[in-house]
Amino acid sequence: MKKSIGISPNIETLFGTRDENVRVLEDGLNITIDLRSNAIELEGAARDVARAEQVFADYESLQRSGYSFNNGDLNSMLRVLTADSSATLRGLADAGRQRSLGRRMVQPKSVNQRRYVEAIEKHDMVFGVGPAGTGKTYLAVAMAISALLAKRVNRIILARPAVEAGERLGFLPGTLQDKIDPYLRPLYDALYDMLEPEKVDRYLEKNVIEIAPIAFMRGRTLNDSFVILDEAQNTTSEQMKMFVTRLGFNSKAVITGDITQIDLPNARRSGLLEAIDILNRVEGLMFVHFDESDVVRHHLVQRIIRAYDEHKTHVAEQQMLLLAGGKSVEAKSPEAPNPAPNQDQRPREASGE
């Protein structure tokens with residue numbers, strides 16, 4: 001099917017740098033887009049052409065209403081839109097407006113990120129499980145700030161286990177705060193990226209935003225709060241149970257972790273792994289799983305994660321083959337007969353020597 005649509009003012013901004021947004025639409029919707037002197041020609045299946053036409057109509061409408069796309073948001077929206085047939089450009093833009101942080105909007109960059117953000121909006125407890133760079137912590141902190149600025153909660157509490165990544169740092173100098181700050185630095189980074197530094201400092205000083213190791217959470221009941229547990233794969237079973245039972249009235253909890261990067265001693269089972277087994281059928285909470293396609297860091301990170309996953313699968317297959325080979329050899333080898341006694345081993349006669 002071919003369809004021609006008129007060219008509206010500034011429509012060329014939809015195409016993106018070097019037509020990158022056009023390629024996203026063409027590849028995602030399996031259509032061709034051709035910009036003529038007086039029209040834009042769309043060619044493909046009728047349903048796909050209709051979706052592309054809706055994108056152009058939504059873009060024109062958003063522009064007329066004064067909406068502006070920043071920092072690659074349009075490209076991210078188009079990727080989500082082409083992967084999810086229920087999504088529209090206007091719907092994604094309106095959802096981003098509702099999650100505005102003042103300096104920026106919370107805009108998911110993949111389908112799983114969108115599911116994650118929507119799950120946080122609809123459920124009181126959400127687990128975000130997946131590899132590094134998928135936006136688990138960043139989006140959770142962004143949603144917490146959005147809830148705080150909209151006065152849906154009175155405070156944000158960010159917790160994290162104080163476990164080194166494969167190292168032993170020894171005794172760190174300074175006050176208690178100085179000792180725990182290195183473990184909590186990623187949470188500070190996310191805060192300062194979304195809010196003005198002065199506002200973050202003021203919130204931290206007044207305990208509107210509190211950052212602490214998970215060990216400090218015992219005995220507390222957290223009402224009117226947005227609570228985030230980061231690096232949850234490094235919690236013990238006891239710590240995880242303690243954390244998920246802290247939730248008070250009018251509160252939300254988000255637990256994030258990467259089960260491929262557990263830094264606990266081998267003898268201790270990860271609290272996140274246990275929670276996935278125990279809580280996956282509990283009503284009112286939700287698990288969202290990410291994969292390498294959700295990585296929003298350098299494109300090389302996706303390939304690295306995929307390589308590690310393939311290596312892990314290969315090693316597991318090799319171990320299964322070795323086990324199967326060992327069992328088959330054991331099954332085929334006949335039982336060794338008892339050797340005939342030699343002359344020296346024969347019983348001596350009672351009447352003899």
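## Close-up views of a predicted model

**View 1. D84 and R114 form a salt bridge, their closest N and O atoms being 2.4 Å apart.** Welcome to this predicted model; we start with a pair that links distant parts of the chain. D84 sits in the loop between α3 and α4 (89-98), R114 belongs to helix α5, and 30 residues separate the two. D84 is buried, with a relative accessible area of 17%, and R114 counts as buried at 17% relative accessibility. Salt bridges that share partners also bring in E118, so that D84, R114 and E118 make one network.

**View 2. R160 and E231 meet through their side chains in a salt bridge (3.1 Å, N to O).** Here too the pair joins distant parts of the chain: R160 is in strand β5, while E231 is in the loop between β7 and α9 (237-244), 71 residues apart. R160 is buried at 11% relative accessible area, whereas E231 counts as partly exposed at 24%.

**View 3. Within helix α2, R64 and E60 lie four residues apart, about one turn of the helix.** The two form a salt bridge, with the closest N and O atoms 3.2 Å apart. R64 counts as exposed at 63% relative accessibility, and E60 is partly exposed at 31%. A search of the whole structure finds eight salt bridges.

**View 4. The largest nonpolar core has 35 residues.** Y116, L158 and F226 have the most contacts inside this core. Elements that each supply at least two of its residues include α5 (111-122), β5 (155-160) and β7 (225-229). The largest share, nine residues, comes from α6. A second, separate core of 29 residues includes I11, L25, A52 and V80.

**View 5. Helix α1 (residues 20-29) has N21, V22, V24, L25 and L29 as its buried residues.** Seen down the axis of α1, these residues fall within an arc of 160°, so they line one face of the helix. They pack against β2 (32-35), α2 (46-64) and α3 (73-83). Just after α1, N30 takes a positive phi of about 60°.

**View 6. L300, I304 and Y308 make a nonpolar surface patch of about 320 Å².** Y308 lies in helix α11 (residues 299-332). With a relative accessibility of 59%, Y308 counts as exposed.

Key: Residues are numbered from 1 along each chain as its sequence is written. This is a predicted model: local features need pLDDT of at least 70, side-chain atom pairs count only at pLDDT 80 or more; totals for chains, interfaces and linings use all residues. Side-chain values use heavy atoms; hydrogens and water are left out. Buried means under 20% relative accessible area, exposed over 50%, partly exposed in between (1.4 Å probe, protein chains only). The arc is that of the directions from the helix axis to the C-beta atoms. Contact means heavy atoms within 4.5 Å. A nonpolar core is a set of buried Ala, Val, Leu, Ile, Met, Phe, Trp, Tyr and Cys residues joined through side-chain atoms within 4.5 Å. Patches are made of residues with over 30% relative accessible area and no salt bridge: like charges are joined within 9 Å, nonpolar side chains (Val, Leu, Ile, Met, Phe, Trp, Tyr) within 5 Å. Accessible areas come from the Shrake-Rupley method with a 1.4 Å probe; for residues, only the protein chains shown count as cover. A salt bridge is a side-chain nitrogen of Lys or Arg within 4 Å of a carboxyl oxygen of Asp or Glu.
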